[in-house]
Each structure stands twice: as structure tokens, then as C-alpha cells.
Amino acid sequence: MERDNYWNRRISRRRALAGLTAGTAGVAALGLVGCGGGDDDDGGDSGGKTIEQKQEEVKSILWQRTDTTAQAVPGGIYAGYTTADVTNLDPLASPSFTANVVGSYVYPRLTKYKTGLRVPAKGEVEPYLAEKWEQPEPTKLILKLRPNAVWEDKAPLNKRPIDADDVVFSWKKFAALSTSRKDLVMLPDNPTGPVISCEATDKNTVVFTTQFPYAPLLSALAYSRYLQIMPRESDGGYDPKNETRSGGPFTLANYQRSVKFEYRKNPNYWAAKDIFLDGYDYPIIPEYAAGLAQFRAKKVWQFAATQDDVIQQKKDFPDLLLDQNAMNRTDWMTYFGLQPDSPFRDPRVRQAAAMMIDRDTWIDTFGNTSKYKAEGYPFEVRYHSHISSGWEGLWVDPKSSEMGEASKYFAQNVAEAKKLLSAAGFPNGLETEIRWITTGQYGTTFPNQAEVLKGMMEEGGAFKFKVVNPDYATDYLTNVYFGKGNFKGVAIGATTQFPEVDQFLFAYFHSQGSRQKVAFQGKELVDTKSDQMIEAQRKELDANKRAQMIKDWQKYAGVQMPMVPYPGQANTFSLAWPWIGNWAVNRAWDTESDRQSVETRLWFDKSKFTG
Amino acid sequence: MARYVTQRLLLAALTIWLVSIIVFTLLRVVVPIFYGDAVDVIAAEYSHSDPARAEALREEYGLSGNLVVSYLEWAGNMARGNLGESLFNGRPITKEMHDRLPVSVELGVIGLLSGLLFSVPLGVAAAVAQDRWPDYFLRTFAILLNSLPGFWLAILIITFGNKWFNWAPPLNFAYLTEDPVAHLKIMLLPALLIGLTPSAGLVRLVRTQMLEVLRQDYIRTAHAKGLSDRTVIIRHALRNSLIPVVTVVGLTLPTLIAGTAIFESIFTLPGMGRYLVSSVSSLDYPVIMGTVFVFSVIIVLANLAVDLSYTVLDPRIRY
């Protein structure tokens with residue numbers, strides 16, 4: 001109970017933060033919807049039951065992910081929702097990823113991720129448009145396209161077979177226009193890009209050539225933000241910004257701008273017989289409270305309720321399916337300005353910042369773990385290393401002995417942190433600036449998370465921050481996020497969740513990475529050892545050896561502390577109505593990239609429908 | 001009268017021209033200086049600071065040309081009713097407006113009408129019962145209503161409507177011409193809510209004007225002639241107290257039409273507000289310029305209509 005004072009302070013902060021958040025329209029309503037549950041730290045009504053009894057109860061109500069494929073009846077339209085409209089419908093040339101979301105329903109890719117049946121997916125790759133492949137040499141990948149793939153029965157394609165020329169066309173368009181092109185393509189201004197070329201050797205064969213053995217290539221080809229295969233007729237034959245021509249499992253049958261998307265089963269898809277539902281309707285509901293109301297009224301079948309809301313919704317509607325989510329692979333960062341006079345050039349100052357963080361409290365505050373615990377919900381808490389704790393098989397637990405010397409920097413130790421600061425020349429603490437955005441681009445909770453991190457770093461006077469809240473598009477992104485260390489003080493921000501860890505490591509931690517925050521302007525403070533370790537793992541084709549190399553890098557980064565990772569995470573929970581057959585049974589590796597594997601397996605169980 | 005109307009029309013045209021220069025200058029000159037242009041936003045967020053791609057986009061979007069020529073082209077197109085195309089999806093803005101403007105106008109008009117139906121009787125009632133409890137109650141109620149944002153009320157209605165009655169607003173938008181019943185079902189609540197906040201101000205305005213008119217000699221004369229209170233209030237007092245109300249109403253309508261974005265988001269309506277807000281966040285400048293310009297024209301025309309309506313409401317007014 002030694003933590004009581006500190007803990008209570010944090011809970012008070014939590015209440016204050018909740019009050020702040022209630023100023024926004026959507027979240028204000030959440031508090032009201034959830035008011036039945038109160039804001040008690042013990043999770044509300046205890047009902048006189050012990051924690052053990054509650055745990056047993058929750059065990060019995062947790063969704064068991066029953067595979068009902070054998071009972072599946074074809075038909076029905078899924079009532080879903082989405083929160084945002086798209087900029088346009090061209091996934092290879094849109095300035096926004098939103099186009100890739102639509103594209104993931106209609107345009108196929110060469111490979112796809114293997115889903116996990118009732119268990120989390122592992123990121124393995126399997127055939128999609130390419131039915132097989134071979135690697136005759138480490139820098140060449142030859143893919144054979146399936147012969148029975150055709151485009152939608154709509155002019156000007158009219159069921160034309162999908163061929164290698166479509167792939168090459170799409171690659172060229174991706175390399176020229178995609179905003180993600182630098183992640184994959186070697187260009188004059190992007191010499192570290194792995195892929196040199198993509199060529200067709202016959203109607204059904206394409207060859208990718210890389211400048212070095214690139215281990216994650218097959219995985220990259222499965223990612224919906226990269227190479228979606230579009231018909232070459234999209235160049236003049238139809239307007240790809242406003243229309244689609246499907247070669248994948250669904251067609252975009254109706255799109256009303258700002259209103260809704262309607263996808264329908266593509267009868268010409270090579271595996272159309274495996275799709276149970278006739279389609280998906282997604283009205284655009286940007287307001288959380290409106291979405292929650294639609295879910296509660298059963299007009300929306302599944303809803304991304306905030307973790308604060310999950311317990312109350314389950315109590316209000318015991319019929320709801322409650323599923324425990326796998327750990328996510330997101331690891332946001334506290335990072336540092338590295339200008340010539342920056343104190344953060346000294347690793348001891350960065351280590352001190354890392355040691356100020358009370359990770360357990362932070363995870364509890366934002367992961368709702370106290371309430372979950374009080375209600376008997378099962379969950380695991382993990383600290384992030386410099387990669388997310390959701391990277392199963394690659395992540396090194398900072399609390400374990402495997403992390404070695406770096407482990408101490410992930411444990412809160414204010415006294416030791418102050419010693420490090422003192423040794424670095426700041427015996428009275430370090431006064432500087434701290435930046436984060438307060439607009440909604442990273443979600444409504446993010447500013448609160450940043451504020452709590454700031455508060456933790458300021459404890460005992462170790463750091464004294466002047467808060468700067470930059471404009472997202474015109475200041476934060478240009479000067480801070482993409483600033484390559486050319487700003488003053490500390491910044492807190494999101495990172496992209498890539499489906500392959502290499503893309504994350506290279507983008508953020510390699511001195512030449514597109515989003516790197518570790519080498520000033522990419523030239524000064526270059527950590528050659530870290531760069532070499534990152535380059536080596538991407539060239540290693542043996543999965544086990546590569547995993548070890550990634551673990552070794554984490555241990556190295558844990559000591560150097562180029563950035564301070566977000567504290568960690570706990571399991572979260574999802575809710576859905578019980579008439580979604582096979583809900584959460586096929587586990588996606590990347591939700592957006594796995595439509596063809598997950599959405600095709602869901603079915604409408606009319607016998608359970610009460611809407 | 002004809003001269004006055006002609007003068008007003010010329011003044012309106014001049015105002016619109018000046019607005020076009022201001023809108024163009026702000027978006028194509030001032031905003032890029034301080035915040036960057038649309039390509040900067042794209043390049044920063046998605047293009048990983050890719051100068052080559054950024055330059056190509058700038059060329060494609062027509063952001064690198066001569067500003068005077070660009071203005072003349074844009075203004076010329078505007079004059080011909082061509083508002084241009086969105087930078088990001090290439091859709092004609094005129095087409096988008098054709099689909100969306102009626103939704104926003106309908107929201108604004110229904111909101112205003114419902115607000116008037118609500119506020120005029122209450123304002124009259126408060127004036128007639130001056131300094132008695134109905135007056136105190138109505139004034140307090142009006143202040144309360146004026147201080148509650150409409151979107152907050154909307155969230156409360158959705159939240160508690162759902163909690164208590166398992167109700168949620170309709171999801172599938174239908175145009176009036178397609179399905180009038182479904183259309184009204186989805187439009188009515190947001191329209192009523194939009195009208196609620198301004199109606200609170202109108203209650204107080206009507207009350208004040210009524211009190212002023214009720215003290216006039218001709219009202220005393222009307223009473224002395226033996227007319228009933230009802231006739232005096234409705235025929236003589238109300239009509240004369242409405243002139244400033246018409247001014248406020250006329251100027252409120254375009255504000256209501258332009259300010260529907262939050263309600264459109266909450267009730268998933270495809271109106272102009274959402275269109276404008278989404279284009280602002282991406283600095284889709286042709287859309288911003290087009291919509292701001294159209295809103296400006298609506299406001300100028302509303303002002304014109306208000307001025308002209310005075311002659312109808314008060315025959316003593318001559319120009």
C-alpha cells in the first residue's frame with residue numbers, strides 16, 4: 001500500500017482528465033451513457049462478490065470464438081459503420097491512406113497475411129493473387145499469378161483476366177505516385193529503398209529485384225498500404241479517384257460521399273463461393289456518441305467502444321459478445337530535439353527521462369486495468385521496449401532478465417534519474433520545452449496521455465517543462481515529426497503501425513529513415529552500430545536468426561535510449577452482437593489488409609437476430 | 001424605389017467582387033505564407049518530405065502558376081458558375097454543391113422557421129406579462145437556452161433517447177425527392193435543434209420590441225377605441241415590433257446554413273458544413289474558396305432581401 005498516495009494522486013488526475021475530455025461532444029456523452037457504472041475506482045457495483053467469483057463469471061461470459069463455419073448460411077448484409085470519409089478512391093495515388101481502406105475490399109494484392117484461427121495471427125504470408133513464388137537468388141522474387149483471377153464485370157474491363165501487366169502497371173504507379181513509395185522503392189532520392197524493379201516475364205509471372213536480400217518483401221506485398229493491384233485501364237479507361245473496378249472479394253456497389261459505403265460480394269472473385277455475406281454497409285458516423293447509440297439500438301453490429309465503456313455496455317446488454325483483443329503492435333514515442341546545444345544529445349539525460357516514467361500507473365490510467373481487475377476481467381500488462389510489446393516472438397520484455405543492463409532504464413527510479421541528470425550537468429533539474437498536439441489526429445485520449453507523461457517526468461523537479469502545443473499539419477508534422485531532431489526540447493507523438501517490424505525500425509531508428517528522430521538531420525549523432533544492426537536484420541532471411549538480431553537491437557537501444565517508448569499496454573476488449581457468425585474467430589494480422597480473409601468468413605446468424 | 005434597388009444590387013455585386021479577392025488572397029497568398037499550402041500538408045503527413053513528389057503535386061494542382069492569372073481564371077470561372085474541382089478527387093465543386101447545399105439550406109430554413117414559431121409567441125407572452133412570473137420564467141428559460149450549445153443538446157438527446165427508449169437517429173439518408181418520409185425523419189430533429197439556440201435570442205428581442213411598441217400612443221388609441229387586447233397585440237403591436245426581428249432573422253439564416261457542420265456530423269447528413277470542414281483540414285483550396293464564396297453570396301443576398309423587405313413590412317419606409 002506504499003503506492004497509495006501516489007496512486008490516489010494519479011486517480012485524481014484521471015478524474016480531472018476525464019473532466020477535461022468531457023468538454024468534447026462525443027466523449028461527454030460517454031460519461032453519461034456509462035453513468036450507471038459510476039466512476040468508482042473499484043469498478044462500480046461490487047454486488048458483494050469476491051474478485052475470484054467475478055473472475056469466474058467473466059470467464060464464462062468471454063466469447064469463446066466458436067468456429068461456426070459448418071453452420072454458416074449464406075446471405076445477409078452486415079451493418080457496420082466507419083468514422084471517416086475518404087479523400088478519393090485511388091489507393092496508389094491518393095494523398096491519404098483512407099483510399100487504401102476502400103481499396104482493401106476491392107483491389108487484390110500479390111500476397112496476404114495468414115489469419116489465426118481463434119488465436120492471434122503471426123504475420124505469416126500466404127498466396128493471394130500470386131498463387132506461388134520462388135526465390136532463385138536472394139535478391140530476386142518470382143511470383144506466379146493465379147490464372148482464374150478476373151476483374152469485375154463492368155466496362156471497360158468486363159471480366160478481363162488479371163495479368164502481370166496489371167501488376168507492373170500498379171508497381172510503376174506506386175513507385176511514381178504513392179505516398180508510401182519511399183518505404184519500398186529505390187529511387188534517386190531514396191537510395192536505401194530495397195526494391196529496384198518489378199517486371200513481367202510473361203502474362204502470369206512477375207519478378208521483383210531488390211538491391212539486397214530483403215527479408216520482409218513478401219510481407220510488404222501483403223500490406224494494403226503498399227501495392228494494391230489495379231487494372232491498367234484505370235489510366236484513362238475509368239476515373240479511379242471516383243470509381244473502382246474490383247478484382248477482389250467485394251465491389252463498391254454504392255458510395256454516397258459523406259454518407260455511406262456499400263460493398264457487395266463480387267461474383268467474379270475467384271473464391272466468391274467462400275464468401276458468406278452478401279455485403280457490408282458502412283454508414284459514416286464520425287461522432288462517438290451517435291455511433292454508440294446506433295450500436296445499442298442494434299443498428300450497428302459491432303462497435304469500437306472505448307475501454308471505459310466496455311464494462312457498462314456489457315452490463316446493459318448481457319447478450320453482447322465480449323472478446324479479449326490481442327496486444328497491439330503500436331509503440332508511440334517520447335523523442336528529443338537534437339540541435340547542437342541540446343542536452344538530449346547526452347544519453348544520460350535520455351535515460352533519466354525514461355526512468356521517470358511510472359509505467360504501471362500510466363497503463364492502469366489509460367488501459368482501465370483497475371476497473372477490469374475489480375470486475376474480474378482477465379488481462380495482461382506489458383511494458384513496451386523500443387518495439388511494441390505486441391510483436392510476439394520479437395519483443396524483449398523490459399522487466400525480464402533478457403533485457404539485461406537496459407532493464408533498469410524501464411523501471412521508475414526518480415532518485416537514480418536525478419543522479420544521471422546531475423552527472424550530465426543538471427543538478428537542479430533540466431528546464432526545457434515539451435511538445436504534443438492537442439487536436440484529435442491521435443485520438444481524444446492522446447493529449448491526456450502526453451500530459452501524464454509530462455507530469456511524471458517533472459516529478460521531484462527532475463524536468464521542468466514549458467508546454468508547446470503545435471498545429472498538427474503545419475507545425476508538428478513539418479518541424480517536429482519530420483524535423484529529424486531539429487527542434488528544442490522534448491516531443492511526444494504517435495508512430496505508424498507497420499505490419500513488418502523492419503519498416504518500423506528503419507523508418508524511426510535508422511539515420512536514413514523517413515521518420516527518423518535519432519540522428520540530427522540524418523548526419524550528426526549517427527549511431528553507426530544501431531544503423532548496422534537494423535540493416536543486418538532486414539537482410540537476414542533466416543527467421544530465427546533475424547528475430548535474435550531484432551532482440552539484440554532492442555537491448556542496445558534500451559541502453560542508448562534514443563527515444564523513450566510509450567509505457568506499455570494491457571489487453572483491451574471488444575463488443576459485438578451475437579448474430580455475427582464467426583466474429584473474432586479468424587484473427588487478423590493487420591485488420592485493413594485482411595478483409596479477404598476475415599470479412600469473407602463472417603456470416604449472418606438470423607436465429608440470434610433481435611434487432 | 002427602382003433606383004434604390006439598382007444601387008443595392010450594384011453594391012452587392014461590388015461586395016461579392018471584393019469578397020472574391022479577399023477569399024483568393026487569404027487562401028492562395030496568406031495561408032501558404034504562414035501555414036503552407038495543400039501540398040505541404042500532404043507532403044508532411046504522407047510523402048515523407050519528398051520534394052520531387054511535392055513539386056509534381058504542386059504542378060498538378062495548379063499551385064505553382066502566376067497568382068494574378070490564377071485569380072482571373074478562378075473569378076472568370078466563378079462568374080460562369082464553374083466553381084472548379086476538388087484537388088483530391090477531381091469532383092466538380094458545383095456538382096457537390098448541387099447535392100449538398102439543399103440539405104444545409106433545408107436544415108437552416110426549418111431550423112429558423114421552427115425557432116420563429118417558438119420564439120415569437122413566447123416573446124409576446126413575456127412582454128404582455130412584463131415583470132410577472134411568466135416573464136421571469138421565459139427570460140430565464142431564454143438565457144438558459146441561449147447558453148446551451150445545440151450540439152450538446154443533440155448529444156444529450158441521442159444519449160438519453162437511446163438509454164431510456166432504445167432510440168437512435170435514422171442512419172440512411174434519403175433525399176426529399178427520393179423518400180419524403182425517410183427524409184423528414186432524419187432531418188427534423190437536427191433542424192429543430194439548429195433553430196433552438198437562436199430562438200432564445202429571438203424571444204428576448206421580440207419581448208423588448210413588443211414592450212417598446214406597447215408604450216406607443218397609437219396602441220393607447222387602439223385600446224381607447226375599444227379594440228380587444230388580442231387585436232391590439234396581434235394587429236397593431238406585433239407587426240410593428242417585427243421590423244428589427246426580420247433584420248436579425250434575415251441575417252441569422254445564412255449563419256445557420258453555414259453553421260450546420262457539427263449537426264451534420266452528429267446526424268450523418270451530407271451537407272455543406274461537413275464538405276467545408278473536411279476541405280479545410282486538407283487545405284483543398286478550390287473547395288474552400290468555392291464554398292466560402294457561395295456562403296458570402298448567400299449572406300450578401302440575404303442582406304439585400306432584408307433591406308427590401310422593410311418596404312413591405314412598413315409602408316412608411318420610402319427610398
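Predicted model: local features only at pLDDT ≥ 70, side-chain atom pairs only at ≥ 80, totals over all residues.
Now let me step back to the whole chain. How many helices and strands does chain A have? There are 19 helices and 24 strands. Its radius of gyration is 25 Å, close to the 25 Å that the globule rule gives for 611 residues, so chain A is as compact as a globular protein of that length. Along the principal axes, the C-alpha atoms of chain A fill a box of roughly 75 × 60 × 40 Å. Of the 611 residues in chain A, 61% are buried.

A:Asn448 belongs to helix H14 of chain A, which runs over residues 446-458. Is A:Asn448 buried or exposed? Its relative accessibility is 9%, so A:Asn448 counts as buried.

On to another sheet. Five strands of chain A make an open sheet in the order E17-E16-E18-E14-E19, this time with mixed pairing. The edges belong to strand E17 (463-468) and strand E19 (564-565), and each of these pairs on one side only.

E16(A) and E17(A) pair in the parallel sense, over six bridges, and A:Thr432 stands opposite A:Phe465 in E17(A). Next, strand E16, residues 430-435, also pairs in the parallel sense with E18(A), over two bridges. Here A:Ile434 is the residue opposite A:Val490 in E18(A). Then comes the antiparallel part: strand E14, residues 333-336, pairs with E18(A) over four bridges, and A:Tyr335 stands opposite A:Ala491.

Strand E18 deserves a moment of its own. Which way do its residues point? A:Val490 and A:Ile492 point one way, while A:Ala491 and A:Gly493 point the other way, and all of them are buried.

Now for some empty space. Rolling a probe the size of a water molecule over the atoms shows where such space is left. The second largest pocket has a volume of about 740 Å³. Of the 30 residues that line this pocket, the closest to its centre are A:Lys122, A:Gly123, A:Glu500, A:Ala543 and A:Arg546.

What kinds of residues make up that lining? They divide into 18 nonpolar, five polar and seven charged. Helix H7 (217-222) and helix H18 (543-560) of chain A each supply at least two of the lining residues, and H18(A) gives the largest share, with five residues. In terms of domains, at least three lining residues come from each of domain 2 (77-283 + 578-608) and domain 3 (338-570) of chain A.

Let me finish with some backbone details. Most residues other than glycine have a negative phi, and most peptide bonds are trans. Where do we find a cis peptide bond in chain A? The bond from A:Ala155 to A:Pro156 is cis, with omega near 0°. A:Pro156 is in the loop between strand E6 (140-145) and helix H5 (164-177) of chain A.

For positive phi, go to A:Ala584, where phi is near 65°. This residue sits in the loop between strand E22 (580-581) and strand E23 (586-587) of chain A. A:Ala584 has a relative accessible area of 13%, so this residue is buried.

Chain B gives us another example: phi of B:Thr268 is near 50°, again a positive value in a residue other than glycine. B:Thr268 lies in the loop between helix H11 (261-266) and helix H12 (272-281) of chain B. With a relative accessibility of 4%, B:Thr268 counts as buried.

Technical notes:
Residues numbered from 1 in each chain as written. Chains lettered and ligands numbered in written order. Heavy atoms only, no water. 1 Å grid on protein atoms, 1.4 Å probe; cavity = no way out; pocket = protein on both sides within 12 Å on 5 of 7 lines; lining within 4 Å. Points joined across faces, edges and corners; volume = space filled by probe spheres on them. Nonpolar A, V, L, I, M, F, W, Y, C, P; charged D, E, K, R; others polar. Domains from an automatic or database assignment. Buried < 20%, exposed > 50% of the residue type's maximum accessible area, 1.4 Å probe, protein only. Pairing = 2+ DSSP bridges. Rg over C-alpha atoms; globule rule 2.2 N^0.38 Å.
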